[in-house]
Amino acid sequence: MSRGEIQTITLTINGAEKTLTVHPSETLLDALRRASYTGVKHGCKTGDCGACTVLLDGQPVHSCMIRATEAEGHEVTTIEALAAGGQLHLIQQAFIETGAIQCGYCTPAKILVTKALLDRNPDPTEREIREALSGNLCRCTGYVKTVQAVQRAAAMLRGEEVEPFTPVEATLGPGRSPTDVVERYYHMAEDEAPLPPLLLSPPEMEPLRVVGKGVPKVDGVKLAAGRPVFTDDIKLEGMLYGALLTSPHAHARIKRIDASRARALPGVHVVLTYKDIPRVKYASGGQSYPQPPPYDQVVLDNKMRHEGDRVAVVAAETPELARRALRLIEVEYEVLPHVLDPQEAMQDGAPVIHDEPDTESIYDAQHNIVHHIEAEGGDREVQWAKADYVFEREYRTSRQQHAHIEPHVCITYWDEDDRLVVRSSTQVPFHIRRMLAPLIGLPEKRIRVIKPRIGGGFGNKQELVLEDLCALLTIATGRPVRMEYTRRQEFTSSRSRHPQIMRYKVGVTKDMEVVATELYLIGDTGAYGTHGLTVQMVGGQKGLTLYNAPYSRFVCDVVYTNKPPAGAFRGYGATQCFFGIETIMSEIADEMGWDVVEFKRKNWIKIGEELLLSKALGEGREGFEQVIRSSGLEECVQVGLEAMDWYNKRGNEAWRQKDATTRRGIGMAVMLHGSGVAGLDMASATIKMNDDGSFNLLVGATDLGTGSDTILAQMAAEVLGVPVEDIIVYSSDTDFTPFDKGAYASSTTYISGGAVRKAALDVADQIKEHAALMLGLESAEGLVLRDRKIIIPDGRELTLAQVALSSLHQQNQHQIIASASHMSYESPPPFGAQFVEVAVDTETGQVTVERVLMVVDAGRVVNPITASGQVEGGLAQAVGFAHCEEMVYDANGHLVNPRLGPYHIYKANEMPRIEVIFVQTEEPTGPFGAKSVAEIPMDGIAPAMADAIHDATGVWIREVPFTPERVWRALRAA
Ligand code: FES
């Protein structure tokens, strides 16, 4: 900003009078962050997300929507005020204790809104709480625990005693029917606020000491306090601001580009176009080496393949200057014919999206088919011959955006050793380092990637999207550079869920047996291949193995279109394919007059069975043979049926008719997922003992709000006989933590947890050996680690601190430390059952989701609070996928809803009742019996909703989301 424009304002911030120098058009958000109030977050700058909420004279305001000058003379409160003196406010405590914090990016704002609410209303109803929070979007939690946190905080502030927030536990097994358990523990919550998660265990399951407990998140305090823990919360001396110019056209070639006026603007340090950067081919999906081909991208190109494609990048002294420079870049485009529909893209004569000669391994570039996949298992002739009935249906899904509240953001700088440091909000720091090196011309050893806290990712941060541009700007200028996607760019330039067209063909006998299943899938990968191959393979594998027909066949075309590239998104193809397979199964049951639960039960995969397509369909390559070793699916379904009162509602005409025009329905779906990529995912962990008997746990695993740091600490604490607070977790930094493939594929609990357990066992052995040496024992046999001590069979004890001090300073001096790696050729599936109740307005087509229940078998649940948070948040995203979220394009390929508001993710006051029950099993290959839980919640809501809408109206709708228009048309057509 020029000096003449600067204005000085005086206001009160957190009780102290402050003078700020601001530009007249500067928002209060930018002014506060510039003044180092980094607890004020930003997610959209359009007033939609609420992450920037502060209190202005005690009232919540979105600080991105008011100018700083408007705050002159007023009192501003930010999150930094609440933990004055280092003591957390009771509201912050309540958010930590209830597990209301996942990624924590939205948390400071929600805590401030809560404070304002409770200041004026000490005893709000749930409805009032949800209304108060309706301006604050959260993409992680489903708002369940947020409401519980506010209720708990209110009680604490009223001076009431509150019970510890723990899961409700019960035993399920011989002599305990689901009815008993559900009646006693579950129905009591029917008209009350939701209970903490219900944890049902088999009688033979031994409780553990730390694993299985709902301990608070290890990063909860810093997130609740709004400390500067995210990528963008640091400012470096001399930092420049990067900005990205993107294509306004869906398909175009740059005829002329002239950046001279932009370069001449004072304060602009560099402008890079395709002319300035070597043409190095790559694929942006953050996957293990070697990444699946084709390498169909370059950092900057002269051809644009979608609206939002990269044109040029600048670095300037301020964000405003950088934006101004973008406007001065002159680009003349040759606009090319475009194709948006994948079926049209495969036709002869369709515009060829990748006509460049240097991209190899495209299956059929002339028809825009990037991959063609075929896999089958079983005897086709024999099994189809057994089928008495054959059903064929087509299902379609749309493009969903991740909508994590923290945008992609990256800061790069040279360190004192001339190594490039990349501080990035990424799920895959180690992949980023490897992929980045050839693009920026540096060897890997000169690159360090740091992953701070991440404000959500859901797969979208499993891509290299900004790090290369930011790094090249630092290399060009020698200065630190910050780059961030605008919210619009999140929609047009990042990634999304693959839209799919699924044609299922299922053969059944008159005895309800599924004998053959075929799936032809068209996956729309958008402009680039990135995760196109692996997402569809996972979708086919999951979609065809739940019922594991003796003959299964998968054929798939992955197709380029002139839309933004699709990528990894929680569910990873399974979400789409379960919509198809579960809906056609429900349709078959309906048409045949079979009980849908009986039909599915007869055919779903069971313990001891081999997943018939797991070898043929790995992830981007051939997989490995897999057998089901644990499954709680039967119990999940039984418990769910009881909890929902299924048989009293399903088909009950009196219950269905809610009012003159509204019909109720209830539906269900079952599902499985995986736990990591078999034979590929690898993780490692290092544990080091300190003088006081505490431990550093160093992991490359990437906690993006999932709570993985916490559950990994629990596993280490379990083995080492200490409380979680004695485990100091550090994740992740390519210089200081061992390799981990990153956070994706539901692998962290199973794979990274396996590494932590192995490292902890090694450290425990070293401690015992040293204790034996100290006590003159011949062997360490029989020594036990418990309560921060080593307990000797003869009754003597040593503290861990004594052993640590001895090993470091006195006897046989050495560092007690161990590293371990873990991978697995198995990917044991978690199982689940999802139930949905809907109300359908038959005049308008409006569907209201009234109740959602998921009963899930995730093996032994390591932390029921964080795990249930994962499920609740996944269910909220799944409801959005099924109900309302859709990226809509006009005929020219322009996205018409590139904002969080019009795109519409669920708000707190729109959420249905959401409940979670765990049915625990012991997975023999998992650490402590654990399987994954992060992605499976995405998988069954869409087919359960289709089933429920059919129950209500008698109409099957085979395309999601179930928007009012789509439902209305289907009802009219019927
Ligand atoms: Fe709310 Fe992540 S916890 S956005």
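1. Gly940 is buried, because its relative accessibility is 0%. The model under discussion is a predicted one. Gly940 sits in the loop that runs between β33 (913–919) and α26 (941–953). Apart from neighbours within four places in sequence, Gly940 is in contact with Ala669, Met671 and Gln834. A further reference point is Lys213: 727 residues separate Gly940 from Lys213 in sequence, and their C-alpha atoms are 27 Å apart in space.

2. The protein chain is divided into domain 1 (3–81), domain 2 (95–166), domain 3 (168–204 + 630–675 + 830–974), domain 4 (231–336 + 403–493), domain 5 (341–400 + 496–628) and domain 6 (682–823). Between domain 2 and domain 4, the C-alpha centres are 37 Å apart. The contact between these two domains involves five residues of domain 2 and nine residues of domain 4.

3. Phe430 belongs to helix α12 (residues 429–440). Is Phe430 buried or exposed? Phe430 counts as buried because its relative accessibility is 5%, and the cut-off for that class is under 20%. When residues up to four places away in sequence are not counted, Phe430 touches Gly700, Asp733, Thr734, Thr737, Pro738, Phe739 and Asp740. Gln287 is 143 residues from Phe430 along the chain, with a C-alpha separation of 9.7 Å.

4. Ser752 is placed in helix α22, which spans residues 748–775. With a relative accessible area of 2%, Ser752 is buried. Leaving aside neighbours within four places in sequence, the contacts of Ser752 are Ala683, Ala701, Leu712, Asp740, Lys741 and Ser747. Asp740 is also one of the residues that Phe430 touches.

5. One joins Tyr289 and Pro290, with omega at about -10 degrees; Pro290 lies in the loop between β10 (268–272) and β11 (303–304). The other runs from Ser731 to Ser732, with omega near -20 degrees. Ser732 is located in the loop between β26 (727–730) and α22 (748–775).

6. Positive phi values at residues other than glycine form a further topic. Ser36, which is not a glycine, has a positive phi of about 75 degrees. Ser36 is part of the loop between α1 (28–34) and β3 (53–56), and its relative accessible area of 48% makes it partly exposed. Met512, likewise a residue other than glycine, has a positive phi near 70 degrees. Met512 is found in the loop between β20 (500–508) and β21 (514–526).

7. Helix α2 (residues 90–97) packs against helix α3 (residues 107–120) at an angle of about 125 degrees, and their axes are 10 Å apart. The two helices α2 and α3 are therefore oblique to each other, since the roughly perpendicular range ends at 115 degrees and roughly antiparallel begins over 145. The crossing of α2 and α3 is right-handed. In this contact, Ile91, Gln92 and Phe95 of α2 meet Thr107, Lys110, Ile111, Thr114, Lys115 and Leu118 of α3. By class, the residues of the contact of α2 with α3 comprise four nonpolar, three polar and two charged.

8. The contact of α16 with α17 has five nonpolar, two polar and two charged residues.

Technical notes: Residues are numbered from 1 along each chain as its sequence is written. This is a predicted model: local features need pLDDT of at least 70, side-chain atom pairs count only at pLDDT 80 or more; totals for chains, interfaces and linings use all residues. Side-chain values use heavy atoms; hydrogens and water are left out. Helices (H or I, at least four residues) and strands (E, at least two) are DSSP runs, numbered from the N terminus. Buried means under 20% relative accessible area, exposed over 50%, partly exposed in between (1.4 Å probe, protein chains only). Contact means heavy atoms within 4.5 Å. Ala, Val, Leu, Ile, Met, Phe, Trp, Tyr, Cys and Pro count as nonpolar, Asp, Glu, Lys and Arg as charged, and the others, Gly among them, as polar. Domain bounds come from an automatic or database domain assignment. Axes are lines fitted to C-alpha atoms, for helices over the stretch in contact, and angles run from 0 to 180 degrees between N-to-C directions. Angles under 35 degrees count as roughly parallel, over 145 as roughly antiparallel, 65 to 115 as roughly perpendicular and the rest as oblique. A crossing is left-handed if the near helix is turned anticlockwise from the far one by less than a right angle, and right-handed if clockwise.
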